[in-house]
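I opened my notebook today to look up a few things, one at a time. Come along and check each entry against the picture.

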Amino acid sequence: MTPLKLVTIIAEDVLEDTLAKEITALGAKGYTVVTVRGKGEQGMRENLWEGENVKIETIVSDEVALKILAHLQRKYFDKYAMVAYVTDVHVVRTQHFT
Amino acid sequence: MTPLKLVTIIAEDVLEDTLAKEITALGAKGYTVVTVRGKGEQGMRENLWEGENVKIETIVSDEVALKILAHLQRKYFDKYAMVAYVTDVHVVRTQHFT
Amino acid sequence: MTPLKLVTIIAEDVLEDTLAKEITALGAKGYTVVTVRGKGEQGMRENLWEGENVKIETIVSDEVALKILAHLQRKYFDKYAMVAYVTDVHVVRTQHFT
Amino acid sequence: MFASLLTPMVLAFLLGIMAARLKSDLKFPESLYTSLTIYLMVAIGMKGGYKLSLAHFDEVIWPALAALALCIAIPLWTYLIMRKLGRFDVPNAAALAAHYGSVSAVTFSAAVVFHDTLNIPVEGFMPSMLALMEVPAILVGISLARINARFPAHEGASLKEIARELLAGKSSILLFGFLIIGFACGASGWELVSPLFDAPFKGVLTLFLLEAGLVAGRRLGELKRGGAFLIAFGIVMPVVHAVLGIYLGYWAGLSEGGATVLGVLASSASYIAAPAACRVALPEASPSYYLTGALAITFPFNIMAGIPLYHYLADLIYHVPV
Amino acid sequence: MFASLLTPMVLAFLLGIMAARLKSDLKFPESLYTSLTIYLMVAIGMKGGYKLSLAHFDEVIWPALAALALCIAIPLWTYLIMRKLGRFDVPNAAALAAHYGSVSAVTFSAAVVFHDTLNIPVEGFMPSMLALMEVPAILVGISLARINARFPAHEGASLKEIARELLAGKSSILLFGFLIIGFACGASGWELVSPLFDAPFKGVLTLFLLEAGLVAGRRLGELKRGGAFLIAFGIVMPVVHAVLGIYLGYWAGLSEGGATVLGVLASSASYIAAPAACRVALPEASPSYYLTGALAITFPFNIMAGIPLYHYLADLIYHVPV
Amino acid sequence: MFASLLTPMVLAFLLGIMAARLKSDLKFPESLYTSLTIYLMVAIGMKGGYKLSLAHFDEVIWPALAALALCIAIPLWTYLIMRKLGRFDVPNAAALAAHYGSVSAVTFSAAVVFHDTLNIPVEGFMPSMLALMEVPAILVGISLARINARFPAHEGASLKEIARELLAGKSSILLFGFLIIGFACGASGWELVSPLFDAPFKGVLTLFLLEAGLVAGRRLGELKRGGAFLIAFGIVMPVVHAVLGIYLGYWAGLSEGGATVLGVLASSASYIAAPAACRVALPEASPSYYLTGALAITFPFNIMAGIPLYHYLADLIYHVPV
Ligand SMILES: Nc1ncnc2c1ncn2[C@@H]1O[C@H](COP(=O)(O)O)[C@@H](O)[C@H]1O
Ligand SMILES: Nc1ncnc2c1ncn2[C@@H]1O[C@H](COP(=O)(O)O)[C@@H](O)[C@H]1O
Ligand SMILES: Nc1ncnc2c1ncn2[C@@H]1O[C@H](COP(=O)(O)O)[C@@H](O)[C@H]1O
Ligand code: NA
Ligand code: NA
Ligand code: NA
């Protein structure tokens, strides 16, 4: 099994399409999204009136992971409710992801 | 990037609000929740008649992670359908989480 | 805390029941499922007309994790839109999972 | 009487059971289920409130007292029977008491539609009884657990807190809220909303019973786990409770239709408010028992045999009065 | 004939396509889509069953045989055409055969409403034909794949198993189930539920076609991938199938309206039951082909041009009979 | 006038607020909320389009110009007041300008139903004004932010792009789309779908207002954060805008009812289109301000006091004309 990085981004739902395009441009071969609710610095986000969050997960190489995080930090971290983190994962077929 | 802990709790949906309050009191700065279905010792939980599960994820320091797990074990593990586990993650901005 | 493996499978929703049965047969004591949307080699999957994905997560011993991955690779990886990966997690009560 | 079972509602319920037994992939989205529940509560409450505005206080007060007596007494003996005869432990006996003491809005609606179809009048204010009978039994059940087993109070959840939560719970808020709204708005308000809450009601009930059948059908597989005692209890006691309800209704001055519906309320077991409350307050109780009892035994029995049976019994009682 | 396209249904479909092309954020929640689907099936089935209870056996039997013949024959030549002329591989040809042999409940409803609007009578029992025609073609398609490519049977999923799953599938259960319920309950049952299942039907169909337009519009972008052959097939063959259906309807003794609707059924391609079945049983077939064909080519063609065209053709056939 | 508040709609809104304050677990599934929104937009648009098809061009043109003037001017002074008197920063002032300039479809519907109940005629084409007034104010608000603070353009999102997105946005597409569909189909089309889009409308509005009350009630807790200034603004300015709207309506030749509804449009604040747009284009603006203002202050004020007040003011204006 090959070690890779799982990058998880939790962001406002309005950013879903933009983020999907951007991580693809940075080298992600795919991603998985689910609508979630949550609370953080910006308070509760749990319904359509007030906005919801999405959790975007993408399995990428170490290098792409760093690129994505740098991009998020530069473009979003100041202004938007957003959280991102990286986990080590193992996959069977590497060619699917890199 | 800073290493932190991601604590994941899978529990009955009726516990969502209580758990959210408790993990916040124990030091979590935020959390993310999603409704899930699942099967374990207590059998299938997948609809509103029979109850659903929620998955609560919170990124915290090692110390808070241990506190949360100890709390869950003491208060819930005997009586409630519940599963909890810890994953190592890396984040960019530590001050958001601790 | 005991180290175990979290196996995550992202697959077409039509496979949910079959996969649940199979991982149980291979030794998983429980699992958690959530409906997700996503994009990969086979293109976008995000609604009922075109099919959705499910994310199935199960905490198992190292050995069962390897069995599950081998099974998926043999039976599904060629024909179906599917991704699977393994993460290291720590749990409090081992007997719940193995 | 048999013909009265040939309604779209009863048949949709049967279809749901059958589909579940055939392992059909037919499934209602959860939000559809929740939406139908909200619709039914609002519609029942609104219409009941409007009809209440047409009733006299002294027509309503005796039936209301009868309803309260029923839903306080039923959990008491249910608990005892479950403990002594059924050999259930304290939390499970208490949870079953809560369920059988409380009521089912859908069984209620099915009974009202049943009388409608046969053109038998039912007092329009009966939804008030439904609203009254939902919460007290659940509180009695939970109290029984607390008292009888030195059951350690759920951290921070006193009985008062639980009562507050139940009264602010979804079904109470909707039923009582729209009873009051319907009452306050009277005929002119009812006219505005009846095209949504009256005309399509039976159709919505049909869809809801289809879904209820799907869930009951899946539960049927667990009947064994409940055991023969639970099956016997879930069929015999509803009949006893129904007869009691009909007698009380008779004494309280209800018409034959109204008394039958009070009997149906007494006989029905809750599967919306009670399971939610028990999950929180009695986590040691196993859903296998209370859901199987309420949903897979008593509910189908009432829908498919109980209601016409109670109608028949009410007929006897009303024509050979004690 | 053009005026008959100026209906809210057709225009809502167009609006959906346009919104998708403009990349609007308009989206139906999935549970709304599923709920509308359930509503349409139940409503079609229930009304069809009620009307069936008014029909004579020998009015229905010949059209039923014609319908069965159509949905068994159509996948056979569709498969051949796809293999020989379209140069598709076995699983894709088989999946397309399954889709074009099966039927679309929404296209059916649009055709019925079209005739309604023009005050042309259509046999009320036509929903039975819809129900009959859904499953067989899918089984024929999957069998073709198994036979022709020494296609290794999907582990544990025999053709019998697939047949069982299809017959217990959502749309079969709802259509057949409510056909029977409607039949059994007759006029008195229909009266109870028609305020939900009859009066608002056209409005619900309008909403559904808006959503269908959104999905078709998004699919339009993939037309190229399907290729010129698929586009040609998806427009020409429906017309051929419709003419066949109208002739068979004529011979089976249907009225002009009924025969046109049988033609529409023959011409329509399934996009609810067939894709779900193919995803499981023919995973090697690419949704790009079968969804684009059924959803982005044939469905819009039928809704916007096919139905009035078939009406026109039926007119010719019925007035210059062979 | 007080009696006119005793409608199921207003009371359901109050019930929602109360339930939220009691921390009830009553919650609408999100897809129900979205479905109700879609229904309301489609129904408003369709009926408005049909009524527009009955109107003369010169009846409509002056009110349309008045509507446009209002929704371009209101954000300008709202911005200034927020900056100068309220001491809000640029993004928050601009977001509030966008919200108060744009309109609320639910407040609009409540106003139409209010007039219905009192049997006061309202021009049937008023939904066109609703559709016209939604987007421009949001664009003005966002432009104000861009101009006034050398606000760095959101990467890749030019004002033109935002305009395009807003016009292809859910509520524009549905309102304009179904206005056109209703217009094109005329009476015959309206007849087909009115059993879904007309008769149950007030009932659906009641359900929607229940949910709106739940959300407003939860927001009430944040009133302090908004501050006294926001509360005062959220009550005083709607009255000013309403009076302005009524005068303009008067000059544009609208009936008293129509002018009141134009006043209501001017006074209402958007909480569907505007928040979504501001979240993307003005991420620095805090939802605490604009949602609290629009949803917890102005919306309840309008529903529970504003509409009858504006009706009263319109009465004065129409009977003592300037
Ligand atoms: N410590 C945390 N652990 C998990 N999720 C978090 C955490 N903090 C924030 N979030 C999620 O990220 C979203 C935005 O966070 P924030 O920017 O802090 O408001 C929240 O709504 C949560 O869903
Ligand atoms: N081994 C496992 N892996 C993943 N999720 C699990 C596992 N066991 C239980 N769960 C989840 O935790 C819930 C409660 O588990 P239990 O208390 O075992 O019934 C289940 O409904 C599942 O959603
Ligand atoms: N690199 C990736 N990271 C996360 N999820 C992925 C990735 N690639 C594929 N997926 C998910 O797996 C599903 C099937 O992938 P595929 O077989 O590549 O079409 C997609 O629809 C996504 O939900
Ligand atoms: Na009872
Ligand atoms: Na066909
Ligand atoms: Na305004």
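**Entry 1: aromatic pairs**

How many aromatic pairs does the structure hold over all chains? I found 39 of them. I kept in mind that this is a predicted model.

I picked out Phe13(E) and Phe299(E) to look at in detail. Their ring centres are 5.1 Å apart and their planes stand at 85 degrees, so I wrote the pair down as edge-to-face; the label applies to planes over 60 degrees apart. Next I looked up where the two residues sit along chain E. Phe13(E) belongs to helix H1 (residues 8–21) and Phe299(E) to helix H13 (residues 287–319), so the pair links parts of the chain that are 286 residues apart.

The cut-off I used for buried is under 20%.

Then I turned to chain F. The rings of Tyr39(F) and Phe197(F) have centres 5.8 Å apart and planes at 45 degrees, so this pair is tilted. I noted both residues as buried.

**Entry 2: a cluster, and charges over rings**

Which residues do ring pairs link into a cluster in chain D? I listed Phe88(D), Tyr100(D), Phe229(D), Phe233(D) and Tyr289(D).

I also looked for arginines over rings. Arg93(A) lies over the face of Phe77(C), 4.3 Å from the ring centre. Arg93(B) lies over the face of Phe77(A), again at 4.3 Å from the ring centre.

**Entry 3: ligand 2**

Where does ligand 2 lie? I found it between chains B and C. There are 18 residues around ligand 2, and the nearest are Glu41(B), Asn53(B), Thr32(C), Ile59(C) and His96(C). I sorted the shell into seven nonpolar, eight polar and three charged residues. Strands S2 (31–40) and S5 (82–91) of chain B, and strands S2 (31–40) and S4 (53–60) of chain C, each supply at least two residues of this shell.

Last, I looked up contacts to oxygen atoms of ligand 2. A side-chain N or O atom of His96(C) is 2.5 Å from one. Backbone N or O atoms also come up: one of Gln42(B) lies at 2.9 Å, and one of Gly38(B) at 3.4 Å. On its own, ligand 2 has 480 Å² of accessible area, and the protein covers 99% of that.

Note on methods. Residues numbered from 1 in each chain as written. Chains lettered and ligands numbered in written order. Predicted model: local features only at pLDDT ≥ 70, side-chain atom pairs only at ≥ 80, totals over all residues. Heavy atoms only, no water. Near = heavy atom within 4 Å. Polar contact = N/O pair within 3.5 Å; in protein donor to acceptor, adjacent residues only side chain to side chain. Areas by Shrake-Rupley, 256 points an atom, 1.4 Å probe, with all protein chains shown as cover. Helix = DSSP H or I, 4+ residues; strand = E, 2+ residues; numbered from the N terminus. Nonpolar A, V, L, I, M, F, W, Y, C, P; charged D, E, K, R; others polar. Phe/Tyr/Trp six-rings, centres within 6.5 Å; stacked < 30°, edge-to-face > 60°. Buried < 20%, exposed > 50% of the residue type's maximum accessible area, 1.4 Å probe, protein only. Lys NZ or Arg CZ within 6 Å of the ring centre and 35° of its normal.
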